[in-house]
Amino acid sequence: MCQKNSSRWILEADIKACFDNINHQWLTDNIQTVKRMLKQWLGCGFIGKGISYNTAKGTSQGGIISPTLMLLTLAA
């Protein structure tokens, strides 16, 4: 921002429940990757208080692949 030709604005956004609402079917239909592996990532679920939960939609916010899947969804 200190350069003469730098942008004048910086924007930050938070998309409410973005990771929670990513549609699994849309991802498998539209993202070019190995479908079997993508389905395994999406269906791996999460563990809370020692209990395993399946995921029918969304991606776990702490998952290693979740930011990439979210960006691919938003870019499409």
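Here is a friendly conversation about a predicted model of a protein chain.

Trainee: What kind of model is this, and how are its residues numbered?
Mentor: This is a predicted model, in which local features need pLDDT of at least 70, side-chain atom pairs count only at pLDDT 80 or more, and totals for chains, interfaces and linings use all residues. Side-chain values use heavy atoms, with hydrogens and water left out, and residues are numbered along each chain as its sequence is written, from 1.

Trainee: Which element of the protein chain has the highest mean pLDDT?
Mentor: Here pLDDT is the predictor's confidence in each residue, from 0 to 100. The protein chain averages 85, and 99% of the residues score at least 70. Among the elements, strand E1 (residues 46-48) has the lowest mean, 83, while the highest, 91, belongs to helix H1 (residues 24-30).

Trainee: What pattern does the protein chain follow along the sequence?
Mentor: Helices (H or I, at least four residues) and strands (E, at least two) are DSSP runs, numbered from the N terminus. The protein chain has 3 helices and 2 strands. Read along the sequence, the pattern is α-α-β-β-α.

Trainee: What radius of gyration does the protein chain have?
Mentor: The radius is taken over C-alpha atoms, and the globule rule is 2.2 Å times the number of residues to the power 0.38. The C-alpha atoms fill a box of roughly 55 × 35 × 20 Å along the principal axes. A compact globule of 76 residues would come near 11 Å, but the protein chain has 16 Å.

Trainee: Is Cys 18 buried or exposed?
Mentor: Buried means under 20% relative accessible area, exposed over 50%, and partly exposed in between (1.4 Å probe, protein chains only). Of the 76 residues of the protein chain, 22% count as buried. Cys 18 is found in the segment before H1. Its relative accessible area is 15%, so Cys 18 is buried.

Trainee: How is Ala 17 classed by its relative accessibility?
Mentor: Ala 17 also has a place in the segment before H1. Its phi is near 55°, a positive value in a residue other than glycine. At 32% relative accessibility, Ala 17 counts as partly exposed.

Trainee: Where is Lys 49, a residue with phi near 55°?
Mentor: Most residues other than glycine have a negative phi. Lys 49 has a positive value, and its relative accessible area of 87% makes it exposed. Its place is in the loop between E1 and strand E2 (51-53).

Trainee: Which residues is Lys 57 in contact with, leaving aside its neighbours within four places in sequence?
Mentor: Lys 57 sits in the loop between E2 and helix H3 (66-75), and at 52% relative accessibility it counts as exposed. Its C-alpha atom is separated by 6.9 Å from that of Asp 20, 37 residues apart along the chain. Contact means heavy atoms within 4.5 Å. With those neighbours left aside, Lys 57 is in contact with Asp 20, Asn 21, Ile 22 and His 24.

Trainee: How far apart in space are Cys 18 and Thr 68?
Mentor: Along the sequence, Cys 18 and Thr 68 are 50 residues apart. From C-alpha to C-alpha, their separation in space is 12 Å.

Trainee: In which helix does Met 37 lie?
Mentor: Met 37 is partly exposed, with a relative accessible area of 33%. The helix that holds Met 37 spans residues 35-43 and is H2.
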